[in-house]
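I opened the notebook to look up a few places in one protein model. The entries below follow the order in which I looked.

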Amino acid sequence: MPTVPAPIASRFERWLGHPALVTAVDQHSAALRTVTFAGPALRGLRDAPGQEIEFRVGPRELRHYTAARYDPAAGELDVVFHTAADGPGARWAAALTTGAETSVLGPGGGLRWQPGRDTLLLGDATAIGLFQAFSAASAASPAASASTPASTSIAASSASAAPSPTAASSAAAGSPGSASGAGGVRASLRGAVEVPAADLAAARALLPGLEIVEAGDEPGRALDAWLAAASIPSSTRVYLAGHARSIQRQRATLKAAGVSRSDLLAKAHWADGRAGL
Ligand SMILES: Cc1cc2nc3c(=O)[nH]c(=O)nc-3n(C[C@H](O)[C@H](O)[C@H](O)COP(=O)(O)OP(=O)(O)OC[C@H]3O[C@@H](n4cnc5c(N)ncnc54)[C@H](O)[C@@H]3O)c2cc1C
């Protein structure tokens, strides 16, 4: 419900909202910022990596976001905002300053992090917070016994694919979730995130374990190229988040490469010409 009558938005805020203050704003680039929200009402909420929250961003507008980090004991959470869209959510997020009062609606829903499997993350700048939460959850997962997954090369199955300068070989290196533990091998975590050129350095600092690729004119095409050049074992679990139409294409590519439907977990964050999702 992205747009509702103002009295309904007020009721939502009263019933589902947890009053909070902005306690920190970390501006990473012109469009990327991490905002910390805190308050006693944020203590002890449901704690699941990457869960969704909502904010009232205008008199009649509600928008979804993702908790990049949640500390239930401190009553504190971070959201990584990408403020490039021309809408009330982006304007609201870009204007937040320390001391601003708001209400955090939720948390609830969202893509569920499931540990113990080799995982691929694919998304755009709106998914940076989600992937930070998943990276932290992966790093905190205990190591499991080693497995040898069947491998399907997407590059091999995609004859028309343009080679990507950021192929999967380099993604595998330096992945934070691929270390061996004393008792076994930790499931690997890798992936790629597409961001505008102006956000490349900031995104790399925010997600050091993932490939960050430069967006072109059309959303998702740089990710398509990365995926076409990648070698993805068919046993991989994949999370896709961000631009709706890109997710559809990448799901089809991954399905054609043998990844099962049940291992393709997707969440559209925005769609062309649509206000809120
Ligand atoms: C479950 C969920 C979690 C989300 N988590 C986050 C998050 O953690 N951080 C975050 O920044 N956003 C997140 N989003 C996206 C967020 O809800 C808003 O879509 C975003 O802030 C833009 O809202 P807006 O009101 O400015 O634009 P809208 O009014 O929604 O859209 C205005 C126009 O801008 C276009 N547009 C919207 N987004 C983009 C974009 N990224 N790039 C280019 N054009 C765009 C639309 O197609 C539309 O034409 C999430 C969305 C969902 C559904």
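Which residues does Lys267 touch, not counting residues up to four places away in sequence? I found Glu52, Leu111, Leu240, Ala241, Gly242 and Ile247. Contact here means heavy atoms within 4.5 Å.

I noted the ground rules next. This is a predicted model, where local features need pLDDT of at least 70, side-chain atom pairs count only at pLDDT 80 or more, and totals for chains, interfaces and linings use all residues. Residues are numbered from 1 along each chain as its sequence is written, and side-chain values use heavy atoms, with hydrogens and water left out.

**Entry: Lys267**

I placed Lys267 in strand S16 (residues 264-270). Strands (E, at least two residues) and helices (H or I, at least four) are DSSP runs, numbered from the N terminus. Buried means under 20%, exposed over 50%, and partly exposed in between, with a 1.4 Å probe and protein chains only. I also checked Tyr239. Tyr239 and Lys267 are 28 residues apart in sequence, and their C-alpha atoms are 8.1 Å apart in space.

**Entry: helix H8**

Helix H8 covers residues 244-256, which is 13 residues. From first C-alpha to last, H8 reaches 19 Å, close to the 18 Å expected at 1.5 Å a residue. The expected span is 1.5 Å times one less than the number of residues.

Which residues of H8 are buried? I listed Ser246, Ile247, Arg249, Gln250 and Leu254. Seen down the axis of H8, these buried residues fall within an arc of 165 degrees, so they line one face of the helix. The arc is that of the directions from the helix axis to the C-beta atoms. An α-helix has 3.6 residues a turn, so residues three or four places apart point the same way. On the other side of H8, Arg245, Gln248 and Ala256 are exposed. Gly258 follows H8, and its phi is positive, near 105 degrees.

**Entry: strand S3**

Then I looked up its partners. Two strands pair if DSSP finds at least two bridges between them. S3 pairs with S4 (residues 62-66) in the antiparallel sense over 5 bridges. Phe55 has Arg63 as its bridge partner in S4. S3 and S4 form a hairpin, with 5 residues between them. S3 also runs antiparallel to S7 (residues 101-108), joined by 2 bridges. Glu54 stands opposite Leu105 in S7.

**Entry: strand S1**

How many bridges join S1 (residues 17-27) to S7? I counted 5 bridges, and the two strands run antiparallel. Ala20 has Thr102 as its bridge partner in S7.

**Entry: the whole protein**

I ended with the totals. The protein has 8 helices and 16 strands. Of its 277 residues, 47% count as buried. Among contacts with a separation of 6 or more, 73% come from residues 24 or more positions apart.
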